[in-house]
Amino acid sequence: MTKITHRFLKGTFWTWLIPALMMVALVPRTAVWAAFGEDLEKPKPEFTREGDVITAKLIPRAKSTSVSIHFQVSGGRLIDVEGMEFKEAAHPDVDNKDFKSELFVIKIDKVSPGSEVKVSITSDFFSSSTQYWIFNRMSKEPWMNGDVQNVSLPDLVQKLVISVKDGGSFDSDGVADGRITLAGGPKDSFWGYALGTLFIRFFGIFLVLSILMIGMILSGRVFQMLDKKKAMRAKEIQLQPAAATPDVQPAETVGSELATAICVALHLHFSAHRPTVPSHFFTLEISPWLRQGRERIMNARFIPTNRDNRLQNR
Amino acid sequence: MTWDQVLELIKSILLTQTGIPNLSLGQVIMILISFFFLYLAVAKEYEPLLLVPIGFGIFLVNFPLAPLMGFTEHGDPELIRAFYKYGVQWEIIPCLIFLGLGAMTDFGPLIANPKTLIIGAGAQLGVFITYCGTLFFGFTLKEAASVGIIGGADGPTTIYLTAMLAPQLLGPNALAAYSYMAMVPLIQPPIMRLMTTPEQRRIKMRQLRPVSAKEKLLFPLVASIFIILLIPAVAPLMGMFMFGNFMRECGVVKRLSDTAQNAMMNIVTILLGLSVGATMQADVFLSWKPMLIFGFGLLDFIICTFGGILTVHIMNLFLKEKMNPLIGSAGVSAVPMAARVSQVEGQKADPDNWLIMHAMGPNLAGVIGSASAAGMFIAMFK
């Protein structure tokens, strides 16, 4: 690919990016949602009965583990609890994502006609802000807030208590006949949860990494301190033998260049007092002048390192 | 046998036992898409180690009647389905990749300058903004989280989280993550230049202190204690990552460390790439969602880069020794590509400025940050 093409692609990448993102942003939300098809997280409850209590077990929206919701009634007899799909109660003003569990139809009998019963719905899945909304298709406004009493119990369990009057607005059959049918479900604000948790979790990462950072800074300081101590101890050990032999100068006080210079100066000084005829290295073939020259060269090579040679030259 | 019977037999064989009459337009498009990714990997060398197996996985799985991604009559998985089931669905491969990554990682630059951990946290901004944006477009909470994590620029983390929360999006998410990771040198520099002045780009940072072997050895233990205690959900990823690093730093299991870094890493990369590619069958991939995921993935990367640089600017308000804001972009965990981009941009401003080691700190912090973000999401949906 040529440089020009590469530059062109690089340029166009950034020019198409913004319009592309704008187009994405302009696509109507409902259209996109429709394109995605069905609700993927439809919770499907399974019911079990134990005495007067009916328990629904389900995996709610945005969760991976199942939760239990317990139903109990006072002032009447709990006959049955059934699941109800949200699409049966769909309404433009109500978002199914606000209902994390499926809707429930609670059937009660043996109620004194026209009297009130209390329905208790208990779960550790509810929060203190959980509401219970009632659906009654016979009513003018089919969806209404159940005005529940939200009671906190030990172990993070919440109990929702709804007062339902036989034949009242919450009773789906609308007749005071000693039987109550209550349709509805626990409701939590989807956006409230999503944004609230978003905020908490983003700052949670800061918190976690800040704690790790503090731990690392502290441990780093400890390690640096230990390393410093170790280095100081090593230095002390190096210095100790030097103190035991005071006649030897520390090696670092005289550099190699200075030592060479001193030796050359000594050589030049002592060579002035050299005898004219050396007592060793005598051969007939070599003249005294030549021999002396050789000796000087050889001695000069040893001067920096060999103390004996230096003494010999005296 | 009459001529008609022979013709009928041939017709039956053609229709039921060969792929040609069963080939759909969507499958042809997907095969062309696989060619595109193979081209990017081979000709452009964009993350070839992953895009080659992913591209080939897409290519293979879009042939009609090919017994690769389905189940046999007895319910046993076919070849690539078995890789997918036991490797990805059981969340084994991403954790093994983290083990290998840990064995490859030198945490020295991060230990020498722990402040850069905050940059790794700041660079997760895009993860959460994208999460919010995708919710607006009708994604479920779990899907939104799995799309959001793309911006963390960490392939195994993206795969791990997506397999856990929204397996139906595994293909597009993994592909978006790896494609944009390969495009880091293209995506980041304009944002880096936009968010910094030439003077800021020329800031020189003090050389990092030497880190002792003991300190490096203790780091995986200390980090595991803090992170796993605070976010237990991230234990599989972080535990493997730190275990790999401990093997590297302890120096007594060189054979194991070497296997984790090379042989094992190569094997799991092949299996992961093929499995991820094989999830991109025409009927799943050709819809609005993958296109939106690609759009949001890019936006995610941009915001994460922005978040990292912004974090450095904020930190500089309080620090005596200023940090070069270019290292902020390395807070996304595309290791070491993002750090290299910081180095290149820094040298453009001042040829004597060497930022690579300083940028490795936030880069490694990005790995921890994105894994922590994944852990946060997992805990949220538990």
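In the predicted model, 39 residues of chain A are in contact with 45 residues of chain B, two residues being in contact if their C-beta atoms, placed from the backbone, lie within 7 Å. On the side of chain A that touches chain B, α1 (3-26), α2 (29-36) and α3 (190-244) of chain A each supply at least two residues. The most is given by α3(A), with 21 residues. By class, this side of chain A has 25 nonpolar, eight polar and six charged residues. Here Ala, Val, Leu, Ile, Met, Phe, Trp, Tyr, Cys and Pro count as nonpolar, Asp, Glu, Lys and Arg as charged, and the others, Gly among them, as polar.

Residues are numbered from 1 along each chain as its sequence is written, while chains are lettered from A and ligands numbered from 1 in the order in which they are written. As this is a predicted model, local features need pLDDT of at least 70 and side-chain atom pairs count only at pLDDT 80 or more, whereas totals for chains, interfaces and linings use all residues.

Chain B has 21 helices and zero strands; helices (H or I, at least four residues) and strands (E, at least two) are DSSP runs, numbered from the N terminus. Along its principal axes, the C-alpha trace of chain B spans about 95 × 45 × 40 Å.

Buried residues make up 56% of the 382 residues in chain B. A residue is buried if 20 or more other C-beta atoms lie within 10 Å of its own, exposed if 12 or fewer, and partly exposed in between, with C-beta atoms placed from the backbone. Among contacts in chain B between residues at least 6 apart in sequence, 73% join residues at least 24 apart.

In helix α2 (residues 25-42) of chain B, Met30(B), Ser34(B), Phe37(B) and Ala41(B) are buried. Seen down the axis of α2(B), the buried residues fall within an arc of 65°, so they line one face of the helix; the arc is that of the directions from the helix axis to the C-beta atoms. These buried residues pack against α3 (48-61) and α18 (282-285) of chain B. The face turned away from the buried side carries the exposed residues Leu25(B), Val28(B), Leu32(B) and Phe36(B).
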